[in-house]
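Have the structure open while you read.

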Amino acid sequence: MSGELDLSVRVGSVTLPTPVLVASGTFGYGSESPELTRAGELGGIVTKTITLEPRRGNEPLRLHETPAGLINSIGLQNVGVDRFREEKLPKLRALGVPIIASVGGRRAEEFVETVQRLEGVDGIVAYEINVSCPNVKEGGIEFCQRPESAAEVITAVRNVTKLPLWTKLSPNVSHIGVVAKACADAGADAFTAVNTFVGLSVDVKTRRSHIPLGTGGVSGPAIRPLALAKVRETVRATPLPVVGCGGIASANDALQFLVVGASAVQVGTASFRVPDIAARIQDGMKDFLRSEGLTSIGDLIGSYLDPSGPARP
Ligand SMILES: Cc1cc2nc3c(=O)[nH]c(=O)nc-3n(C[C@H](O)[C@H](O)[C@H](O)COP(=O)(O)O)c2cc1C
């Protein structure tokens, strides 16, 4: 509760103090400069995707600014699960904010082993399973490109943990709802929708991509309407809760995701411009509730008047 206003939400069995989290990979390990980011006030922190072994990531340049957005090709640079657990997690835990550990891997077994090394560690309330990673067994296409591959990861991780599994969905598929359904059947508890959209930006003088690897992932306000539509599709696909993500930079943006049925939201790229934007979005949500004469953010969730009918009659 905040005064007379209640911003708390539930994502399945997890209660969050507010519906605003920060997105994986866009907030360091969460504990850097907490005064600047107001990290201790947030609804939750999703960690950088953690893998079994440390990863150096792709060669620079790894970020390029595009109209109202960014293209990135970071390549899952991270310190690896052991250093994350020993060095990063204690500082993150000291903030007193729910921690969602993002986990990635090249094969299902790698996801499993990473999760096993985080089991029983205090402070983690859920895992976010990043199925946008290249799948070595399938020749490098992302797990989420094939619903069965994404589901295989979820089934494998489900067997080794009781913590909630949020599946981070990629928007780069024809039918995100089909992938969501397969993951729900495999034991997912919630979805985070969405990761970055595949994009390309070319330097016409050199005739090369601005990113050495060619395509990268587009994020930021440019993708917001696209992400919102994907979130709506995900909400309609299964009864599981959805955490909306993609281009959120203001309270109004975040509220759109809640109205279409997201139970919470994640803020990513906008933090690069304004480090405490997620906390400011929470402030703006309270202003909106007051202006509407509402007391609980829950009243807005799923209140969308969908021309194609209710999502979950
Ligand atoms: C620099 C950068 C690094 C990212 N790293 C990860 C990551 O490690 N794992 C992941 O699941 N998503 C990662 N993402 C995707 C974001 O979590 C988010 O899904 C996406 O950027 C869309 O949200 P936004 O428009 O608010 O940034 C990254 C995004 C950016 C811009």
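The notes below go topic by topic.

This is a predicted model, where local features need pLDDT of at least 70, side-chain atom pairs count only at pLDDT 80 or more, and totals for chains, interfaces and linings use all residues. Residues are numbered from 1 along each chain as its sequence is written.

**The sheet**
- Four strands make an open, antiparallel sheet, in the order E5-E6-E14-E11; strands are DSSP runs (E, at least two residues) numbered from the N terminus, and two of them pair if DSSP finds at least two bridges between them.
- At the edges sit E5 (63–66) and E11 (197–199), each pairing on one side only.
- Neighbouring strands here are turned by 35° against each other on average, direction ignored, with axes being lines fitted to C-alpha atoms.
- E5 and E6 (residues 69–72) run antiparallel and are joined by 4 bridges; Leu-63 has Asn-72 in E6 as its bridge partner.

**Gly-199**
- Gly-199 belongs to strand E11.
- Gly-199 counts as buried because 20 other C-beta atoms lie within 10 Å; the cut-off for buried is 20 or more, with C-beta atoms placed from the backbone.
- Leaving out residues up to four places away in sequence, Gly-199 touches Thr-66, Ile-71, Thr-215, Gly-216 and Val-218 (contact means C-beta atoms within 7 Å).
- Ser-271 is 72 residues from Gly-199 in sequence and 21 Å away in space, C-alpha to C-alpha.

**The ligand shell**
- The ligand is surrounded by 26 residues, the closest being Ala-23, Gly-25, Ser-219, Gly-268 and Thr-269 (C-beta atom within 6 Å of the molecule).

How values were computed: Axes are lines fitted to C-alpha atoms, for helices over the stretch in contact, and angles run from 0 to 180 degrees between N-to-C directions. A residue is buried if 20 or more other C-beta atoms lie within 10 Å of its own, exposed if 12 or fewer, and partly exposed in between; C-beta atoms are placed from the backbone. Two residues are in contact if their C-beta atoms, placed from the backbone, lie within 7 Å.
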